Amino acid sequence: MSPTEDALLLMRLVERHLGSLRGCLDQGTFADEDWGFLAQQTLEKLLKAFLVFRSKEPPRSHSLQRLLQELAECDQVVLLAPELLELDDFAVLARYDSEPTPLPAERRKILELLEELQMQLLAQLL
């Protein structure tokens with residue numbers, strides 16, 4: 001498969017995650033920690049799709065900072081809103097902490113930022 005085809009496969013997973021995030025906007029029924037984890041996973045896959053599109057094997061890492069560093073090494077600059085960068089804690093820490101972990105922004109705002117990034121990548125892929 002070409003890098004574009006591989007990246008599009010990851011984008012299918014991103015769309016599935018985004019659908020789940022859209023369906024779980026109600027704070028009363030879905031914990032912030034779980035929603036934040038899914039949002040982080042969505043962002044992680046988006047960044048990995050950018051790497052795959054650049055013909056680079058993504059690292060086996062949940063670190064958004066590391067993925068951004070790998071992208072920079074491929075001359076692919078991805079500017080993320082601070083609210084998205086703060087999702088890094090939801091990869092592991094928030095899921096295993098019994099104390100509440102508030103989201104860095106309103107769910108709809110985070111979802112909107114993720115969808116914007118998705119559109120940026122799709123514009124490059126298609």
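Which residues in H2 meet Leu 64, Leu 67, Leu 68, Glu 70 and Leu 71 in H3? The tour below answers this at its second stop.

**Before starting**

This is a predicted model, in which local features need pLDDT of at least 70 and side-chain atom pairs count only at pLDDT 80 or more, while totals for chains, interfaces and linings use all residues. Residues are numbered from 1 along each chain as its sequence is written, and side-chain values use heavy atoms, with hydrogens and water left out.

**First stop: helices H2 and H3**

Select residues 32-53, which form helix H2, and then residues 64-73, which form helix H3. Helices (H or I, at least four residues) and strands (E, at least two) are DSSP runs, numbered from the N terminus. Two packed helices are described by the angle between their axes and the distance between the axes. Here the axes of H2 and H3 come within 10 Å and cross at roughly 15°. H2 is therefore roughly parallel to H3. Axes are lines fitted to C-alpha atoms, for helices over the stretch in contact, and angles run from 0 to 180 degrees between N-to-C directions. Angles under 35 degrees count as roughly parallel, over 145 as roughly antiparallel, 65 to 115 as roughly perpendicular and the rest as oblique. The crossing of H2 and H3 is left-handed, a term used if the near helix is turned anticlockwise from the far one by less than a right angle, and right-handed if clockwise.

**Second stop: where H2 and H3 meet**

Now display the side chains of Gln 40, Leu 43, Glu 44, Leu 47, Lys 48, Phe 50 and Leu 51; these are the H2 residues that meet Leu 64, Leu 67, Leu 68, Glu 70 and Leu 71 in H3. Contact means heavy atoms within 4.5 Å.

Stay with Glu 70, which forms a salt bridge with Arg 66, their closest N and O atoms being 3.9 Å apart. A salt bridge is a side-chain nitrogen of Lys or Arg within 4 Å of a carboxyl oxygen of Asp or Glu. Both residues belong to H3 and stand 4 residues apart, about one turn of the helix. Glu 70 is buried at 13% relative accessible area, whereas Arg 66 is partly exposed at 38%. Buried means under 20% relative accessible area, exposed over 50%, partly exposed in between (1.4 Å probe, protein chains only).

How many salt bridges does a search of the whole structure find? There are 7. For one of them, select Arg 107 and Asp 32, whose closest N and O atoms are 2.7 Å apart. Arg 107 lies in helix H6 (residues 107-125) and Asp 32 in helix H2, so the pair ties together parts that are 75 residues apart in sequence. Arg 107 is buried at 5%, and Asp 32 is buried at 17%.

Next, select Glu 15, Arg 22 and Glu 115, which are linked in a network of salt bridges.

**Last stop: Thr 42 and Leu 114**

Select Thr 42 in helix H2, which is buried at 0% relative accessibility. Leaving aside neighbours within four places in sequence, Thr 42 is in contact with Val 14, His 17, Leu 18, Leu 21 and Leu 114.

Move on to Leu 114, found in helix H6 and buried at 0%. Leu 114 and Leu 43 are 71 residues apart in sequence, yet 6.7 Å apart in space, C-alpha to C-alpha.
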